[in-house]
Amino acid sequence: MSQQVQAVISRAKDAPVELVTINVPDPGPGEAVVQIQACGVCHTDLHYVQGGIGEDYPYLLGHEAAGIVESVGDDVRDLVPGDYVILNWRAVCGSCRACRRGRPWYCFDTFNASQKMTLDDGTELAPALGIGAFAEKTLVAAGQCTKVDPNAAPEVAGLLGCGVMAGLGAAINTGAVGRGDSVAVIGCGGVGAAAIAGARLAGAGTIIAVDLDDRKLAKARELGATHTINSRTTDAVEGIQALTGGFGADVVIDAVGRPETYKQAFYARDLAGTVVLVGVPNPQMKLELPLIDVFGRGGALKSSWYGDCLPSRDFPMLIDLHLQGRLPLDAFVTETIGIDGINEAFVRMHHGDVLRSVVTL
């Protein structure tokens, strides 16, 4: 048996998204159906619409979500109907070479639901990041459900499912920011703002926010930035060096993902410092750096995919910190909207008017 629910799909490249009826099958072995309560509008969803991720249309959009487990299939352990969960797109396999080495946050064989959700005519849907949560209900692999404290509001909790976790993890996990470190974050949208919050949580001493938009820099101050640089008027590298004794920051996080911003991050770090790339470049972008500078400056050049998070470890811990008042996840929610307002939310996101619009159901 299957059930019909309302959901948002992208039917073709650059076409407006549509609210349609889809079929959600009952969960099979290792699967779960989740009633979605809230789902953030993420740049990744827009990339799907624009054809920047693939051409497997129609896509079932949405992935940054929290909700209630409605039903589970056979062979599902540690998950029962009624559990409050954040959905993740890193359901670790436990058996790949990364997992066997004790590094499951690098899992090379994550898994999704085996069955497909469909349109009324039987057309199979490709769920965004294996989730598809701009929907009243969705079908996922049980391992994509991470249980957290139900006292956290779903519009806040769901943000850990992607962008906010990516930024927090870029600072805490990938960048390994430590007490007293100097940190610079280039790009202060949702992911960059989360990296600033992560740097503060980790005990960084100097936290420098860099952006072109004074509105984003003001929000960065609220989330923990000690200094701000508007790179329209101040050279980012010179500004960061001036605020760090002329040396550069210990950790520089590029939350934009362009060759220009990566070069800024590379040259704005101290000798033996760390660059973390968490912004996502497009496939056409190329980077050119003098190899002698890569050698001579030392340190580490890292990429951060999903904040190098382990959902079962990180989601409950971060929700607990939020409930203790130590991590202001609610500051990332600019607005809540209905499921019929996603096209307009994409426009506001593109213009930089929001950190996050969140669909509530």
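This is a predicted model: local features need pLDDT of at least 70, side-chain atom pairs count only at pLDDT 80 or more; totals for chains, interfaces and linings use all residues.
## A pair of strands to start with

In general, strands of a sheet pair through backbone hydrogen bonds, in either a parallel or an antiparallel way.

## The sheet around them

S1 and S4 belong to an open sheet of 5 strands with mixed pairing, and the order across the sheet is S7-S2-S1-S4-S8. Which strands stand at the edges? They are S7 (118-119) and S8 (126-127); each has a single partner strand, so one side of each is left without a neighbour in the sheet.

Stepping back to the chain, you will find 11 helices and 18 strands in total.

## Overall shape

How does the radius of gyration fit a compact globule? For 361 residues, such a globule would have a value near 21 Å, and the chain has 20 Å, which agrees. Along the principal axes, the C-alpha atoms fill a box of roughly 65 × 40 × 40 Å.

Contacts also reach across the sequence: of those between residues at least 6 apart, 68% join residues at least 24 apart.

## Inside and surface

Of the 361 residues, 53% are buried. The chain exposes about 15,400 Å², with carbon and sulfur atoms supplying 49% of that area.

As for charge, the chain carries 28 positive and 41 negative charges, and the mean positions of the two groups are 8 Å apart.

How values were computed
Residues are numbered from 1 along each chain as its sequence is written. Side-chain values use heavy atoms; hydrogens and water are left out. Helices (H or I, at least four residues) and strands (E, at least two) are DSSP runs, numbered from the N terminus. The radius of gyration is taken over C-alpha atoms; the globule rule is 2.2 Å times the number of residues to the power 0.38. Buried means under 20% relative accessible area, exposed over 50%, partly exposed in between (1.4 Å probe, protein chains only). Contact means heavy atoms within 4.5 Å. Accessible areas come from the Shrake-Rupley method with a 1.4 Å probe; for residues, only the protein chains shown count as cover. Lys and Arg count as positive and Asp and Glu as negative; His and the chain ends are not counted. The place of a charge is taken as NZ of Lys, CZ of Arg, CG of Asp or CD of Glu. Two strands pair if DSSP finds at least two bridges between them.
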